[in-house]
Amino acid sequence: KVAIKGIERELICPACKELFTHPLILPCQHNVCHKCVKEILFAFEDSFADGGSESSNQSSPRIRISSSSMDRIDRISRSGMKRNSLTPRSTLFPCPGCQRDIDLGERGINGLFRNFTLETIVERYRQAARAAIAIMCDFCKPPPQESTKSCMDCSASYCNECFKIHHPWGTVKAQHEYVGPTTNFRPKILMCPEHEMERVNMYCEICRRPVCHLCKLGGGHANHRVTTMNTAYKTLKEKLSKDIEYLISKESQVKAHITQLDLLLKETECNSERAKQEASQSFEKLYHVLEEKKSAALRAIETSKNIRLEKLQTQVEEYQGLLENNGLVGYAQEVLKETDPSCFVQTAKQLHVRIQKATESLKSFRPAAETTFEDFVVDIAKQEDILGDLSFHSNGLEIPEINEEQSRMYNKALISWEWPGKTDSADIYALEYHKLNREEESVTWQKTEVCGKSEVLSDLDDDSSYAFRVRGYKGSICSPWSREVILRTPPAPVFSFLFDDKCGYNNEHLQLNPRRTSVESRAGFPLLLGSERLQVGCYTTLDYIIGDTGIAKGRHFWAFRVEAYSYLVKVGVVPSNKIQKLFHNTHDVTSPRYEQDSGHDSGSEDAFFDSSQPYTLVTLGMKKFFIPATPAAPKDPATRILPLPSCLGICLDCDRGRVGFYDAGRMKCLYECEVDCSGIMYPAFALMGGAAVHLEEAVTAKYREYHDDI
């Protein structure tokens, strides 16, 4: 038999840190007391009602919910789940054993099995721990006698006499099951928690839990692979027995590992003490340097103070001499009493020079020394930053790198980074950023701690450049800072809209996705049928689509992506008073009847073309961006053709009447022109042939979680 006192750790609830009381088996196969599960769920529900975890911290003192569990409760409560939803919702439970959020299903705590086997083992442990404490008979008259057996059917304990009285021979009660004295009474038959009147008689191999025949017929285990309870019992018992026998046969190996671990414990203690001494010596060196600098600075200030006091004191004495009957004036008054001319002249000449100097100094009074010590202010801003970054650096911890391709600057900033190695070697990351400002001499970094490999930042200024850097922490060891990456925010607040599937939308030529964020033009049968009637030329027109939201004032920015295979796409803005003209324009842009080239190079064709356009659109296609032909544009057509950026942006300034077209990846303006903003302006797109446009999605916290999962 295994010593019962050697398994205490397996009998402790991970929530209350006490022996299990009515343990429940979670879907993750961890056990938690029934009362602890209820208290954790109550704390979880309170976090919904109070909008935070403050009330959940005031739960029963019996339960000790870790800070990580409370963080998960807060995260789940902020995820948008509603308590009064009309649709069935599952119950999430933060397991204190594996630190994961476990889905308990729609039945919640009522769908969990009670672990009677664990209860029995706990009871045996309690009996072994209190062997001297007897279990008394429940039916004896005072004083009660010590019980000798317990009836599992009656859930009571009896002495020999009371047992005979209540279980007379030849009656039904005589057939009851009795065991030694115990306080742990469990039912003979395990019932299904979902179908309370049915006993479990099968075992689901997918969910790894007992089920009844109703669960298999029409419940949640209808399509699961199940086996009989006896088969599962034999299989699991055989596997467990073999595993236990294997572990017992490896007892010598286990003891060797324990010996090795004991040595590692001692070695860890010694190495930690050595590391403490080295760290203390390093800080002592810093203290010594600071003390020397402090002493030198104080000596310099004291020396300067003494010199200044001496100068000021001398000046005070000189001015005191200018008082009547005192100092220089008193001496001069005594000289005036001299009646002998030769003696008076001999003394008065030098005295008169001193009197003149005193008179001049009196007219232009100026202190002999400054009273401020501005020259002795110690600038420690850089040293503070350096000391703030003081930590344990390790060459074994790799340097993370910010991934500029996956990072995005749109309505919010999504900063992503990765490690050069295949696996993560850091527990937490520190992301720092600051706005680039030429006027500021010192840089103040803003810091945020992140558990994943990406972070969404809000409240960044528009049309500004920011520098980002990241480092990893593993315990108290940190990696060096990554290379700084500079990203620029959009020139204006982001404008959100979807493609309009009603106003002028041609569903024969254009195809929208269900979310109305992507539109595709397909050169299919409608185009062939339209051109089949003509013998010369090619009859093709642009298919227009606009945004479902207009802009009346202010400055706005939106971004989109054009597929590389797109033949012809036009993008820009259109006023509300010209939308009808946009969709009813029957001009054939490629038919010979509307050929604009008259055969000479006077440039009148371009002038006619520009003046005839009722809207502001820019042409894209064949992986190129075409700058419109304007008087200010270069005459050479080759200089007006730019590579097509992976992401394009449009900035509309209704107040100034200007629209700009941007490389949204670098936030660089490619072309800007005037636009008439007298009406409500709508984003406009035109496609011809095979082409596709995708609106840029807004950056949200869910986008970050999805990105981390990828």
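In the predicted model, Arg208 is located in the loop that links strand S9 (202–204) to strand S10 (209–211). Although Arg208 is not a glycine, its phi is positive, at about 55°. A positive phi is also found at Ser155, likewise a residue other than glycine, with a value near 55°. Ser155 belongs to the loop between S6 and strand S7 (156–158). With a relative accessible area of 42%, Ser155 is partly exposed, because this class covers values between 20% and 50%.

A further backbone feature concerns the peptide bond between Pro142 and Pro143, which is cis, with omega at about -5°. Pro143 lies in the loop between helix H3 (116–129) and strand S6 (149–151).

Strand pairing is illustrated by an open sheet of 3 strands, arranged in the order S2-S1-S5 with antiparallel pairing. Strand S2 (31–33) and strand S5 (113–114) form the edges of this sheet, each pairing on one side only. Strand S1 (residues 23–25) and S2 run antiparallel and are joined by 3 bridges. Within this pairing, Leu24 has Val32 of S2 as its bridge partner.

Aromatic side chains form 14 pairs in the model. In one of these, the ring centres of Phe560 and Phe685 are 5.4 Å apart and the ring planes meet at 85°; the pair is therefore edge-to-face, since angles over 60 degrees fall into that class. Phe560 is part of strand S25 (residues 555–562) and Phe685 is part of strand S33 (residues 681–688), so the contact ties together parts that are 125 residues apart in sequence. Both Phe560 and Phe685 are buried.

An aromatic cluster is made up of Phe139, Tyr158 and Phe163. Over the ring of Phe163 sits the charged end of Lys149, 5.1 Å from the ring centre.

On the surface, a nonpolar patch is formed by Phe283, Leu286, Tyr287, Leu290, Leu387 and Leu390, which together have about 570 Å² of accessible area. Helix H7 (residues 251–320) supplies the largest share of this patch, with 4 residues. Leu286 is found in helix H7, and its relative accessibility of 35% places it in the partly exposed class.

Key:
Residues are numbered from 1 along each chain as its sequence is written. This is a predicted model: local features need pLDDT of at least 70, side-chain atom pairs count only at pLDDT 80 or more; totals for chains, interfaces and linings use all residues. Side-chain values use heavy atoms; hydrogens and water are left out. Helices (H or I, at least four residues) and strands (E, at least two) are DSSP runs, numbered from the N terminus. Buried means under 20% relative accessible area, exposed over 50%, partly exposed in between (1.4 Å probe, protein chains only). Patches are made of residues with over 30% relative accessible area and no salt bridge: like charges are joined within 9 Å, nonpolar side chains (Val, Leu, Ile, Met, Phe, Trp, Tyr) within 5 Å. Accessible areas come from the Shrake-Rupley method with a 1.4 Å probe; for residues, only the protein chains shown count as cover. A salt bridge is a side-chain nitrogen of Lys or Arg within 4 Å of a carboxyl oxygen of Asp or Glu. Two strands pair if DSSP finds at least two bridges between them. Rings of Phe, Tyr and Trp (its six-membered ring) pair if their centres lie within 6.5 Å; planes under 30 degrees apart count as stacked, over 60 as edge-to-face and the rest as tilted. A charge sits over a ring if NZ of Lys or CZ of Arg is within 6 Å of the ring centre and within 35 degrees of the ring normal.
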